[in-house]
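Thanks for making the time this morning. I would like to take you through one chain, starting from a single side chain and then stepping back to the whole.

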Amino acid sequence: MDWRKGLTEGLGRGLARFGADIDIPALTGTWVDKIRQEQARAGTSSDSWKASCRTGLEAALRAHAGELPLTERDYETLVRAWERLPAWPDAVPGLRALRREYVIAPCCDAPVSTMTWLAKTAGLPWDMIIGPDITGTRLPDPEHYLAAARLVALDPEQIMIVSAHNADLAVARASGFRTGFFSRPREHGPHQEADLAPAEAWDIVAFDLLDLARHLEAALY
């Protein structure tokens, strides 16, 4: 999901009535950073995720917009921007191509409820959804991936963890999983420096999800 675009657009719409002086892209970046800080000490339930989003948003707004007269409904609408993110152009066709031969599932830090609404909004064809509220942990704990393997009754070496983040793949490889990398050079904005290229010789290095599907189709035949 193109979270930066989706959150920036959601914040822009939700805060438009307060004028054009708020740096919405900067607000988006700070919000995501604050959520990560909150998650480091939060639980793994859906309620914990929502609380982290709300607390992170309040902190980001104080930093970039001061005190705004937002209502509870305003906050709920802004937080729900996480459930309406747009997919990258290759995501849906790439996932459909992968699903023809493989079982596919997201294994990320967002809870099942959020990932379900994202799938509904963007048409993501998951076979199942694995969230921290299911595994009881989140990255960088390797148990997050190991618990996912147990859920699908497969050994780690039978599973490929695919990510645009080298750090995620390092955890996966150390736990015995196969690894696939593709780059999202605009994920963190125009000045992104990390994850522009593979940091290691991952099992597959692809251009995007469609290219990954082509690699895996070739491996089957």
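Where in the chain does Trp 202 lie? In this model, which is a predicted one, Trp 202 sits in the loop between strand E2 and strand E3, the latter covering residues 204-206. Is that tryptophan buried or exposed? Its relative accessible area is 6%, and because of that Trp 202 counts as buried. If we leave aside residues up to four places away in sequence, Trp 202 touches Asn 166, Leu 169, Ala 170, Arg 173, Thr 179 and Phe 181. Take Leu 169 from that group: Leu 169 and Trp 202 are 33 residues apart in sequence, and their C-alpha atoms are 8.0 Å apart in space.

Let me turn to the strands. E1 itself, residues 160-163, has a covered face formed by Ile 161 and Ser 163, while Met 160 and Val 162 make up its uncovered face.

There are also some backbone details that I would ask you to look at with care. Most residues other than glycine have a negative phi, and most peptide bonds are trans. Against that background, the bond from Leu 139 to Pro 140 is cis, with omega near 15°, and Pro 140 belongs to the loop between helix H7 (132-135) and helix H8 (143-151). Ala 153, in the loop between H8 and E1, has a positive phi, near 55°, and with a relative accessibility of 68% this alanine counts as exposed. Asp 195, in the loop between E2 and E3, likewise has a positive phi, about 60°.

Stepping back now, the chain holds 10 helices and three strands, and the order from the N terminus is α-α-α-α-α-α-α-α-β-α-β-β-α. The radius of gyration is 18 Å, close to the 17 Å that the globule rule gives for 221 residues, so the chain is as compact as a globular protein of that length. Its C-alpha trace spans about 60 × 30 × 30 Å along the principal axes. Buried residues account for 46% of the 221, and of the contacts with a separation of 6 or more, 57% are between residues 24 or more positions apart. Finally, the chain carries 24 positive and 31 negative charges, whose mean positions are 5 Å apart.

Note on methods
Residues are numbered from 1 along each chain as its sequence is written. This is a predicted model: local features need pLDDT of at least 70, side-chain atom pairs count only at pLDDT 80 or more; totals for chains, interfaces and linings use all residues. Side-chain values use heavy atoms; hydrogens and water are left out. Helices (H or I, at least four residues) and strands (E, at least two) are DSSP runs, numbered from the N terminus. The radius of gyration is taken over C-alpha atoms; the globule rule is 2.2 Å times the number of residues to the power 0.38. Buried means under 20% relative accessible area, exposed over 50%, partly exposed in between (1.4 Å probe, protein chains only). Contact means heavy atoms within 4.5 Å. Lys and Arg count as positive and Asp and Glu as negative; His and the chain ends are not counted. The place of a charge is taken as NZ of Lys, CZ of Arg, CG of Asp or CD of Glu.
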